[in-house]
Amino acid sequence: PSMRAVLERLARVAPTDATVLITGETGTGKELVARHIHQRSRRASKPLVAANCAAFTETLLESELFGHEKGAFTDAYQTRKGKFELATGGTLFLDEIGDLSLGGQAKLLRVLEDKVVVRVGGSNPIPTNARVIAATNQDLAQLVREKKFREDLFFRLNVVSIQMPPLRDRGDDILLLAEFFLKHFATKARRTTPELSPAARKRLLAHDWPGNVRELRNMMERIA
């Protein structure tokens with residue numbers, strides 16, 4: 001039921017251009033949900049560009065997201081488009097948004113509100129119409145209370161929120177996914193698909209799955 005509710009919500013939000021915030025524990029499939037939204041939107045024929053905010057240093061942030069002009073800084077040997085430009089007409093997926101620095105949050109908010117980017121070392125405003133989907137495994141509302149995340153950016157991103165349920169709350173989905181992954185990896189390895197014994201099925205259902213679907217997937221790959 002929890003995943004049916006998610007899928008129903010996705011069906012409603014995908015055809016729109018609304019900004020989406022996907023939350024949930026690590027390994028619950030947040031990036032898959034972002035791809036699902038993009039593929040079922042009117043932007044499906046345009047690029048889906050992903051950016052991991054946790055990987056951005058303060059100095060790299062502007063260059064990665066907004067691009068830079070040739071000679072803007074050392075090693076800037078040529079003009080480079082940023083991810084906002086690359087996602088024009090499509091979707092920009094900002095993963096681990098909770099790890100973005102406060103300075104980076106301010107710059108991102110300005111672009112989301114003005115719908116224009118300016119490359120590092122440049123002065124010309126470049127319009128952007130990329131749809132933004134953000135994801136995090138952190139509690140952004142709590143980070144706002146702790147003054148670690150800008151409240152105005154939180155409200156700007158949290159237009160439509162989708163909470164991914166942890167695997168331990170998904171009942172028999174655990175067995176459906178286990179059998180799906182097991183068959184996939186056994187086929188890939190050109191081996192007969194092993195059958196899960198009643199004891200194995202009981203153990204799978206009893207496990208807490210701290211790594212969620214990713215942990216289950218990796219386990220089935222090891223078994224295969």
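First, the conventions. This is a predicted model, in which local features need pLDDT of at least 70 and side-chain atom pairs count only at pLDDT 80 or more, while totals for chains, interfaces and linings use all residues. Residues are numbered from 1 along each chain as its sequence is written, and side-chain values use heavy atoms, with hydrogens and water left out.

Let me turn to the overall layout. The protein chain has ten helices and nine strands, where helices (H or I, at least four residues) and strands (E, at least two) are DSSP runs numbered from the N terminus. Along the principal axes, the C-alpha atoms of the protein chain fill a box of roughly 65 × 40 × 35 Å. Of the 224 residues in the protein chain, 43% are buried; buried means under 20% relative accessible area, exposed means over 50%, and partly exposed lies in between, with a 1.4 Å probe and protein chains only. As for contacts (heavy atoms within 4.5 Å), 74% of those between residues at least 6 apart in sequence join residues at least 24 apart.

Next, the largest pocket. A pocket here is an open set of points on a 1 Å grid over the protein atoms alone, where a 1.4 Å probe fits, with protein on both sides within 12 Å along at least five of seven lines; lining residues have an atom within 4 Å of a point. The largest pocket holds about 890 Å³ of space, the volume being the space filled by probe spheres set on the points, with grid points joined across faces, edges and corners. Its lining comprises 30 residues, of which Thr28, Gly29, Leu32, Met164 and Val213 are the closest to the centre. Two or more lining residues come from each of helix H1 (2-13), helix H2 (30-39), helix H8 (173-188) and helix H10 (212-223). Which helix gives the most to this lining? That is H1, with six residues. By class, the lining has 13 nonpolar, seven polar and ten charged residues; Ala, Val, Leu, Ile, Met, Phe, Trp, Tyr, Cys and Pro count as nonpolar, Asp, Glu, Lys and Arg as charged, and the others, Gly among them, as polar.

I move on to electrostatics. A salt bridge is a side-chain nitrogen of Lys or Arg within 4 Å of a carboxyl oxygen of Asp or Glu, and by this rule there are eleven. One of them joins Arg80 and Glu64, at 3.3 Å from N to O. This pair links distant parts of the chain, with Arg80 in strand S4 (residues 80-81) and Glu64 in helix H3, 16 residues apart. Arg80 is partly exposed at 38% relative accessible area, whereas Glu64 is buried at 15%.

A second salt bridge joins Arg119 and Glu85, at 2.9 Å from N to O. Arg119 lies in the loop between strand S6 (116-117) and strand S7 (126-127) and Glu85 in helix H4 (residues 83-86), so the pair ties together parts that are 34 residues apart in sequence. Arg119 is buried, at 15% relative accessible area, and Glu85 is buried at 13%.

Leaving aside neighbours within four places in sequence, Glu96 is in contact with Asn52, Cys53, Ala54, Ala135 and Asn137.

Finally, the backbone. Most residues other than glycine have a negative phi. Lys115, however, has a positive phi near 60°; Lys115 lies in the loop between H5 and S6 and is partly exposed, at 40% relative accessible area. Trp209 also has a positive phi, near 50°. Trp209 sits in the loop between helix H9 (198-206) and H10 and is buried, with a relative accessible area of 0%.
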